[in-house]
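Colleague: Could you walk me through this model? I'd like to see how each answer is reached.

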Amino acid sequence: MGCCGENRSHLRSQYDRFKRGEPVMRESCRECACKHIAQARVLLLEKDKGYPAHYWFAMGHLAEAEDELVKDFPEETALVRAERLNLQKNRDYEMPFADLINAICGEIG
Ligand SMILES: [Zn+2]
């Protein structure tokens, strides 16, 4: 349940929901989503330098970005998902990382 630290106050209520058997959904955080997207970019660059497994680590980070967004930002979630699926169809797909980050975190600064 990693986060930039802004959402720690929600951890207790999520734990309480989990204990009651209720659905637990991560609090949305666009900054954390953008950190995961940026990490995916780093890993994809390394994939081509002799680390083919980093493709899967990048895919995982993109899925984490979707999890960070899905509760409150469904349109942004769909953007990340569409790009992740492009990468899933073609491992050499040139993902528009800057556009994606601008679309999600552009107004954060
Ligand atoms: Zn965060």
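Modeller: Ground rules first: residues are numbered from 1 along each chain as its sequence is written. This is a predicted model, so local features need pLDDT of at least 70 and side-chain atom pairs count only at pLDDT 80 or more, while totals for chains, interfaces and linings use all residues.

Colleague: Okay, what pattern does the protein chain follow along the sequence?

Modeller: Helices (H or I, at least four residues) and strands (E, at least two) are DSSP runs, numbered from the N terminus. The chain has five helices and zero strands. Read along the sequence, that gives α-α-α-α-α.

Colleague: Are H3 and H4 roughly parallel or antiparallel?

Modeller: The axes of H3 (residues 54–69) and H4 (residues 74–89) come within 9 Å and cross at roughly 165 degrees. Axes here are lines fitted to C-alpha atoms over the stretch in contact, with angles from 0 to 180 degrees between N-to-C directions. Angles over 145 degrees count as roughly antiparallel, so H3 relative to H4 is roughly antiparallel.

Colleague: And which classes of residue make up the contact of H3 with H4?

Modeller: Contact means C-beta atoms, placed from the backbone, within 7 Å. H3 brings residues including Met 59, Leu 62 and Glu 66, and among those from H4 are Val 80, Arg 81 and Arg 84. With Ala, Val, Leu, Ile, Met, Phe, Trp, Tyr, Cys and Pro as nonpolar, Asp, Glu, Lys and Arg as charged, and the others, Gly among them, as polar, the contact has seven nonpolar, two polar and four charged residues.

Colleague: Last one: is Gly 106 buried or exposed?

Modeller: Gly 106 lies in the segment after H5. A residue is buried with 20 or more other C-beta atoms (placed from the backbone) within 10 Å of its own, exposed with 12 or fewer, and partly exposed in between. Gly 106 has 12, so the call is exposed.

Note on methods: Parallel < 35°, antiparallel > 145°, perpendicular 65-115°, else oblique. Contact = placed C-beta atoms within 7 Å.
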